[in-house]
Every structure is written in C-alpha cells, then in structure tokens.
Amino acid sequence: MILVGESAPDFEAYTTKGRFKLSELKGRWILLLTHPSSFNPVCTTEMIALSQRMDDFRKMGVEVFSICPESLLSVISWVRDVEDKYGLKILFPVAADPDKKIMSLYDVVDAKGGVTRSVFLIDPEGVVRFTAHYPAEVGRNIKELTRVARAIQTSVKSSLLAPANWEPGEPMIIPPPSTVEDADKRLKDGAERWYIQRKQV
C-alpha cells in the first residue's frame, strides 16, 4: 500500500491526451484517481463531477489525472461517449492500463483482481500527501477532494493545521506547544485550550 509521506511511483502510459510520464509533472500538484473500469456508471458520474470542477483544481494549480484498467480504444470510446451524451469536454487525461501494471504499482488491485476506487494527492516534490480508497459501490465526493487539496496546500504554505470541517478562508490551528511555558503563554494570549489556538491565514 502506498502510504502518506512516500514517493509516488513513476510510470509512463498512453492516455486520451497522448503519451504521458508522471515525473514530467514534477513541480506541480497532482490528483491521481483510479477507475475500476470504463463505461462504469459510478465512474462516469465521477468523470462528470471532475470536469465540472476543473476550474477549482486549476486555480489551485492541481493537475487531474486518472487511470483505467482498459485498452486505450476503450478509454477513448468512454470519454467520447461521456462528452457526446453530457455536452462537456473531459479536459484531464485518462490513461489506459490494460495489464494493470500502474494499478499494481499503486497497490489498488484487490484480492479478486478488481481495481479499487482510489485517489492520491501528490505534492510538487513527488510525495504522496493524501490517499483514500472507496468501495466499488460508492463514488468519490469531488467537492471534498477540492477541500482536502486546498487544506493541504494551505497547511504546507503556512505550517498551520486544518481543523475538522475546515473550509478555505476559515482560521487554522497552530501546531501544539512544545514546552510548558509555551502552553501557559497561549492561555494568556486567549487560546481556547492550551493545545488549541486558532489563527487566521
């Protein structure tokens, strides 16, 4: 299993936007998603939701990229079908991985040989900052993925922590104190608890 803090495995693949190598995007944030199959009804709703939020990801400088364990022709046919039916453009590349080599690198092949509905947020240094794995029956919440990406980017930039249900523009939390003196000072400064002090970013 790929863990948070590990380097994202590099790979090269044919996609709906041409040949692609993950390491070519080093220096950018990447949201990498895996799909169980093409023409999958749940995956199709995710593709639509991703396309509808591409402006949000672009504003954050996040490159969206997905992988499907099917042939390139099957993936192209799926993308074209979604575009024709729903009147939108799929602006992110969808990679073909018929041999599941990339899927195996990311450890998203289950015990029965199927592919989990997984997501990885990779930072500009190529380090995995977030992972999530969904059952085949449940689609990903794309709005939540934009929130997570923004929270992690803001935390990296500010060295602050995102509290539960944090939304962009809300205060974040200063990391816990490392000495008793610092804890006492925080209380004197009006912190709600000695270990919880909020700060506007």
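Reader: What makes Asp 123 count as buried?

Author: Its relative accessibility in this predicted model is 6%. Buried means under 20%. The value 6% falls under that cut-off, so Asp 123 counts as buried.

Reader: Which residue forms a salt bridge with Asp 123, and why is it called a salt bridge?

Author: The partner is Arg 129. The closest N and O atoms of the two are 3.0 Å apart. A salt bridge needs a side-chain nitrogen of Lys or Arg within 4 Å of a carboxyl oxygen of Asp or Glu. At 3.0 Å the pair is within 4 Å, so the name applies.

Reader: Is Arg 129 buried or partly exposed?

Author: Arg 129 is partly exposed, because its relative accessible area is 36%.

Reader: What separates Arg 147 and Glu 144 along helix α5?

Author: They are 3 residues apart in helix α5 (residues 142-158), which means about one helical turn. Glu 144 is partly exposed, at 29%. Elsewhere, salt bridges that share partners join Glu 46, Arg 117 and Arg 140 into one network.

Reader: What makes the phi of Asp 107 worth a look?

Author: Asp 107 has a positive phi of about 55 degrees, although it is not a glycine. Most residues other than glycine have a negative phi. Asp 107 lies in the loop between α4 (101-105) and β6 (117-122). Its relative accessible area is 41%, so Asp 107 is partly exposed.

Reader: Why is Asn 165 called exposed?

Author: Its relative accessible area is 66%. Exposed means over 50%, so Asn 165 qualifies. Asn 165 sits in the loop between α5 and β8 (172-173). Asn 165 also has a positive phi, about 60 degrees.

Reader: How do helix α1 and helix α3 pack?

Author: Helix α1 (residues 41-52) and helix α3 (residues 72-86) pack at an angle of about 65 degrees. Their axes are 11 Å apart. The crossing is right-handed. On the α1 side, the contact is made by Cys 43, Thr 44, Met 47 and Ile 48. On the α3 side, Trp 78, Val 79, Val 82 and Tyr 86 take part. By class, the contact has 7 nonpolar, 1 polar and no charged residues.

Reader: Which residues have the most contacts inside the largest nonpolar core?

Author: They are Leu 31, Met 47, Phe 57 and Phe 92. This core has 31 residues. Its largest share, 5 residues, comes from α5. A second, separate core of 20 residues includes Ile 2, Phe 20, Leu 25 and Val 115.

Reader: What does Phe 92 contact, leaving aside its neighbours within four places in sequence?

Author: Its contacts include Thr 16, Lys 17, Met 47, Leu 50 and Val 64.

Notes
Residues are numbered from 1 along each chain as its sequence is written. This is a predicted model: local features need pLDDT of at least 70, side-chain atom pairs count only at pLDDT 80 or more; totals for chains, interfaces and linings use all residues. Side-chain values use heavy atoms; hydrogens and water are left out. Buried means under 20% relative accessible area, exposed over 50%, partly exposed in between (1.4 Å probe, protein chains only). Helices (H or I, at least four residues) and strands (E, at least two) are DSSP runs, numbered from the N terminus. Axes are lines fitted to C-alpha atoms, for helices over the stretch in contact, and angles run from 0 to 180 degrees between N-to-C directions. A crossing is left-handed if the near helix is turned anticlockwise from the far one by less than a right angle, and right-handed if clockwise. Contact means heavy atoms within 4.5 Å. Ala, Val, Leu, Ile, Met, Phe, Trp, Tyr, Cys and Pro count as nonpolar, Asp, Glu, Lys and Arg as charged, and the others, Gly among them, as polar. A nonpolar core is a set of buried Ala, Val, Leu, Ile, Met, Phe, Trp, Tyr and Cys residues joined through side-chain atoms within 4.5 Å.
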